[in-house]
Amino acid sequence: MNYFIETNYFNAELTLTGGQAFRWRRLENDRYFGIVGSRAVELKREKNGIRISDNDEAFWNNYFDIQTDYEQIVQCLSEDTTLRAACRGADGLRLLKQEPFETLISFIISQNNNIKRIAGIIERLCASFGEKIGADTYAFPTAEVLANADLNGIGAGYRAGYINDAARKAQNGEINLSALYEMQTDEARFELMKIKGVGEKVADCVLLFAYGKATFPKDVHIKQALREFYPDGLPACIAGYEGIAQQFLFEYYRNNRNIKNGRK
């Protein structure tokens with residue numbers, strides 16, 4: 001282990017395996033193995049922080065959004081009763097800042113899918129088209145490789161054509177993923193929705209998890225949560241923190257739904 005990040009606010013299980021990213025898996029003894037782009041790393045949760053088997057401090061500080069004061073965000077969100085409970089139930093949840101192309105393809109694959117199956121499709125995609133970086137370990141494929149790749153063997157179904165279209169548009173510059181950092185959220189969303197199969201929900205996930213924009217992705221669970229908890233609209237305290245509020249609310253609704261249905 002090469003780099004220690006000091007932080008008291010980090011829940012590895014929720015942050016790494018809760019549906020933001022799909023190439024992390026839990027090992028024994030509070031350890032996690034993950035592939036981020038072309039980096040294969042091990043992470044260990046320790047007292048007062050996390051230790052990473054890679055010494056690129058700037059990269060990991062950005063990836064884990066270390067500069068953001070989540071405790072202050074939680075304090076703001078806790079002005080609302082439901083969000084206060086949601087924050088307590090998901091203490092330590094952080095938003096990752098991921099590479100745009102990998103995030104785009106991952107959330108195209110996520111459509112009408114569950115986390116286990118999404119992860120499986122992504123691993124087959126990487127094993128088939130990514131550069132080998134270790135024993136049975138592969139980097140995420142480039143747009144150039146995926147633009148015309150035959151994806152029939154990875155189990156993506158109808159999403160295969162969407163992946164090809166996204167890769168072609170990224171490769172030929174029709175969609176400039178780097179330029180989206182500087183765009184206003186509505187403009188960036190419009191650009192992403194030029195890709196076949198990318199609707200508002202997928203676009204908002206990409207803008208949140210790759211670009212850190214203040215979107216509020218609405219999947220089936222979030223729509224149900226909004227009907228139950230906020231029929232008259234979201235509270236004002238989430239302004240500027242929409243993305244993290246959405247993640248807290250997602251976890252809260254999922255856990256409470258499971259309790260109601262006798263599954264937890």
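## The β4-β5 hairpin

In this predicted model, strands β4 and β5 form a hairpin with 2 residues between the strands. Within this hairpin, Asn 48 adopts a positive phi near 70 degrees.

Strand β4 covers residues 39-46, and strand β5 covers residues 49-52. Glu 46 stands opposite Gly 49 in β5.

## Pairing on either side of the hairpin

Strand β4 also pairs with strand β3, which spans residues 31-36. The sense of this pairing is antiparallel, and 6 bridges are found over its length. Tyr 32 has Leu 43 of β4 as its bridge partner.

Strand β5, in turn, pairs with β1 in the antiparallel sense over 4 bridges. Here the bridge partner of Tyr 3 is Ile 52 in β5.

## The sheet as a whole

These pairings belong to an open sheet of 5 strands, arranged in the order β1-β5-β4-β3-β2 with antiparallel pairing. The edges are formed by β1 (3-6) and β2 (24-26), each of which pairs on one side only. Neighbouring strands of the sheet are turned against each other by 25 degrees on average, with direction ignored.

In a regular strand, side chains alternate between the two faces of the sheet.

Notes:
Residues are numbered from 1 along each chain as its sequence is written. This is a predicted model: local features need pLDDT of at least 70, side-chain atom pairs count only at pLDDT 80 or more; totals for chains, interfaces and linings use all residues. Side-chain values use heavy atoms; hydrogens and water are left out. Two strands pair if DSSP finds at least two bridges between them. Axes are lines fitted to C-alpha atoms, for helices over the stretch in contact, and angles run from 0 to 180 degrees between N-to-C directions.
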